[in-house]
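Trainee: I am new to this structure and would like to look closely at a single part of it. Could you take me through that part slowly and show how it connects to its surroundings?

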Amino acid sequence: MTENDTIIRHAETGWKMLKGHHDLRSVEAHFKKEGLPDNVVEAVMGALKKKRHAERSQYGTIMLVAGVLLLGIGFFSCVTLTHGGSSSLDFALYGLTTVGAIIVIVALVFIFH
């Protein structure tokens, strides 16, 4: 078995552990306790970090698009209601804008954390 096969196999095990609500330190300690060489542990942890970051970035991007859409819907509904002569802008102005802004902030945390 080559070193790349070993890294891939252990990275799959580590990903299952991360999905099982373990943190990176406990995964790294698990691999060191198994007696893996330090270079293999470092390669596995690097692969796990990249995969976790890619997954969080993808989820954050989807949330970002949803938040921006809510902000846009709030804006256009405010414009429409204003030109239509409606005096009830509260939901469109405060509700949709607040929810959209919160979703955008949470999405940015997912992307950049």
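Mentor: Let us begin with His21, which counts as exposed because its relative accessibility is 75%, over the 50% cut-off. This is a predicted model, and in it His21 has its place in the loop between helix 1 and helix 2. Although His21 is not a glycine, its phi is positive, at about 70 degrees.

If we leave aside the neighbours within four places in sequence, Val27 is in contact with Gly14, Met17, Leu18, His22, Met45 and Leu48. On the other hand, the C-alpha atom of Val27 is separated by 60 Å from that of Gly85, a residue 58 places apart from Val27 along the chain.

As a general background, nonpolar side chains in soluble globular proteins tend to be buried together.

The next step is to see how the helices themselves are arranged. Helix 2 and helix 3 pack at an angle of about 150 degrees, with their axes 10 Å apart, and because angles over 145 degrees count as roughly antiparallel, these two helices are roughly antiparallel to each other. Helix 2 passes helix 3 in a right-handed crossing. On the side of helix 2, Leu24, Val27, Glu28, Phe31 and Lys32 take part, and they meet Asp38, Val41, Val44, Met45, Leu48, Lys49 and Arg52 in helix 3. By class, this contact has seven nonpolar, no polar and five charged residues.

Helix 3 also packs with helix 4 (residues 90-112), at an angle of about 165 degrees and with the axes 7 Å apart, which makes helix 3 roughly antiparallel to helix 4. Here helix 3 passes helix 4 in a left-handed crossing, and the contact between helix 3 and helix 4 has 22 nonpolar, nine polar and one charged residues by class.

Notes
Residues are numbered from 1 along each chain as its sequence is written. This is a predicted model: local features need pLDDT of at least 70, side-chain atom pairs count only at pLDDT 80 or more; totals for chains, interfaces and linings use all residues. Side-chain values use heavy atoms; hydrogens and water are left out. Contact means heavy atoms within 4.5 Å. Helices (H or I, at least four residues) and strands (E, at least two) are DSSP runs, numbered from the N terminus. Buried means under 20% relative accessible area, exposed over 50%, partly exposed in between (1.4 Å probe, protein chains only). Axes are lines fitted to C-alpha atoms, for helices over the stretch in contact, and angles run from 0 to 180 degrees between N-to-C directions. Angles under 35 degrees count as roughly parallel, over 145 as roughly antiparallel, 65 to 115 as roughly perpendicular and the rest as oblique. A crossing is left-handed if the near helix is turned anticlockwise from the far one by less than a right angle, and right-handed if clockwise. Ala, Val, Leu, Ile, Met, Phe, Trp, Tyr, Cys and Pro count as nonpolar, Asp, Glu, Lys and Arg as charged, and the others, Gly among them, as polar.
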